[in-house]
Amino acid sequence: MKLQEYHAKTLLSEHGLPVPPYAVADTPAAAAAEAQRFLASGAGRVVIKAQVLVGGRGKAGGVKLAATPEEAAEAADHILGLDIKGSLVRRVLVAPAAEIAHEYYLSCVLDRAARRVLFIGSSEGGVEIEQVAADNPSAIHRVHAHPHLGLLDYQARELCFALGLGAHLREFVAIARGLYATMIANDADLVEINPLAVVREPLPDATARDTIQCLDTKITIDDSALDRHPRLEQMRDLDEEDRVDIAAREQGLSFIRLNGTIGCMVNGAGLAMTTMDLIKRAGGEPANFLDIGGGAKADRVAAAMRLILADDSVRAILVNIFGGIARGDEVARGLVEARSMQERHVPMVVRIVGTNADLAADILAEAGDPDLITAATLDEAVEQAVAMAAQATAAPA
Ligand code: GDP
Ligand code: MN
């Protein structure tokens, strides 16, 4: 689950990271009032930022500076309602604008292959890290944290010097530690600060002081850990989630949409992966990953069918059930029921083996649906599904 910037910044602050103060507004008038407050307490300008779960807001016109409350209202008026890469802006963040001397990048991410947390730092921040990796890979520095002890002090210092931030050693080490603490405490799989900026702060005696500040952050939480973070679950932004994802979660179904034409309904994650592999091998493309779980009852099957059919590119459906705890007859009943309610007619091939497979075959045969065929083996089922999808794509109904 991705967090909105204003939520992510709360988590960073809780772990002692330097985040400029901020407020959230959902109207231009509210943005002006917040701007007024920051300007009155000494800020030269404020920054108004779109709160959406996509990056590159700056380039898309979603980040603006303002020197007066009126300008802030204008900027908010422009940004609110903007469509940024398909996300509608409903809120803006208002903060005192930092005077940026240089932008860096610092993140920690779960490196599954290495089974460790990976720190990535770049002396070129403010732009997407993928871009830096392509254009100037030598600007990027990586270090794996110790699996039990976290980022060790010497590692943090080395990273600091590699980035050219030696003048801010103590601050940097504290930030790197705070980043790691934020990640672990919240079961995040990514905590990214971009830009991590060296910011010039004017002092009362007309001199200035440079500090490091976290100006923008992106945090994603491991979905499987959300059960133990009810507070983070509250931060979920349903407005920005796919309708299908919300429905899948409500049903407790593990569903991931893909780009192909063959909808898959399978019980068990391993069997679902195998089914997808076989579809690809047979020349087809799966439209989704879907694990309906063990012990799937008829209503779950019907819900799963609705999720698959919500995708307009689905041309054929492959049902692959290995009946262990799940009973074949329950699944078959669910399929027939779902079939009778579905608005869009899509051909379907069903392979059910194991518990009550014979009852399942009877139920499916009794339904008398010419577009619902059964297959005895998985290979046969896959072959038929691929053929059905190819036929339906060549001659759309
Ligand atoms: P993103 O484009 O979605 O990553 O949004 P960011 O918050 O990172 O903002 C994009 C860019 O706007 C940053 O890289 C900065 O150059 C600029 N920016 C953001 N906040 C400030 C600020 O407080 N002061 C100044 N001068 N520029 C800012
Ligand atoms: Mn950014």
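Visitor: Where is Ile-219 placed?

Guide: Ile-219 belongs to strand S12. Helices (H or I, at least four residues) and strands (E, at least two) are DSSP runs here, numbered from the N terminus. Before we go on, this is a predicted model: local features need pLDDT of at least 70 and side-chain atom pairs need 80 or more, while totals for chains, interfaces and linings use all residues. Residues are numbered from 1 along each chain as its sequence is written, chains are lettered from A and ligands numbered from 1 in the order written, and side-chain values use heavy atoms, with hydrogens and water left out.

Visitor: Is Ile-219 buried or exposed?

Guide: Take buried as under 20% relative accessible area, exposed as over 50%, and partly exposed as in between, using a 1.4 Å probe and protein chains only. Ile-219 has a relative accessible area of 1%, so it's buried.

Visitor: Which residues does Ile-219 touch?

Guide: Contact means heavy atoms within 4.5 Å. Setting aside residues up to four places away in sequence, Ile-219 touches Met-1, Lys-2, Leu-3, Ala-8, Leu-11, Leu-12, Thr-182, Ala-188, Leu-190 and Val-191. Take Leu-12: it is 207 residues from Ile-219 in sequence, yet their C-alpha atoms are 9.6 Å apart. Across the protein, 68% of the contacts with a separation of 6 or more are between residues 24 or more positions apart.

Visitor: Let's zoom out. How many helices and strands are there?

Guide: The protein has 13 helices and 18 strands. Its C-alpha atoms fill a box of roughly 90 × 50 × 40 Å along the principal axes. Of the 397 residues, 50% are buried. Accessible areas come from the Shrake-Rupley method with a 1.4 Å probe, and for residues only the protein chains shown count as cover. The protein's accessible surface comes to about 18,900 Å², with 52% belonging to carbon and sulfur atoms.

Visitor: On to charges. How many salt bridges does the structure hold?

Guide: Side chains of opposite charge can pair when their charged atoms come close. The cut-off here is a side-chain nitrogen of Lys or Arg within 4 Å of a carboxyl oxygen of Asp or Glu. The structure holds 22 such bridges. One of them joins Glu-5 and Lys-49, with the closest N and O atoms 2.6 Å apart. That pair links distant parts of the chain, 44 residues apart: Glu-5 is in helix H1 (residues 5–14) and Lys-49 in strand S2.

Visitor: Why do Glu-5 and Lys-49 count as buried?

Guide: Glu-5 is buried because its relative accessibility is 3%, and Lys-49 because its relative accessible area is 7%. Now try Asp-239 and Arg-90, whose closest N and O atoms are 3.4 Å apart. Those two sit in loops 149 residues apart, Asp-239 between helix H7 (230–233) and helix H8 (243–251), Arg-90 between strand S5 (87–88) and strand S6 (92–96). Asp-239 is partly exposed at 45%, and Arg-90 is partly exposed at 33%.

Visitor: Which residue does Lys-218 meet in a salt bridge?

Guide: Glu-192, at 4.0 Å from N to O. Lys-218 is in strand S12 (residues 217–221) and Glu-192 in strand S10, so the bridge ties together parts 26 residues apart in sequence. Lys-218 is partly exposed at 36%, whereas Glu-192 is buried at 12%. Elsewhere, salt bridges with shared partners join Glu-5, Lys-9, Lys-49, Arg-57 and Asp-216 into one network.

Visitor: Which residues come nearest to ligand 1?

Guide: A residue counts as near if one of its heavy atoms lies within 4 Å. There are 15 residues around ligand 1, and Lys-49, Arg-57, Gly-58, Ala-98 and Glu-103 come nearest. Strand S2 (46–50), strand S7 (100–111) and strand S10 (188–202) each supply at least two residues of the shell. A nitrogen atom of ligand 1 is 2.8 Å from a polar backbone atom of Ala-98, one of its oxygen atoms is 2.7 Å from a side-chain N or O atom of Glu-103, and an oxygen atom of the ligand lies 3.1 Å from a polar side-chain atom of Asp-216. Taken alone, ligand 1 exposes 560 Å², and the protein buries 82% of that.

Note on methods. Polar contact = N/O pair within 3.5 Å; in protein donor to acceptor, adjacent residues only side chain to side chain.
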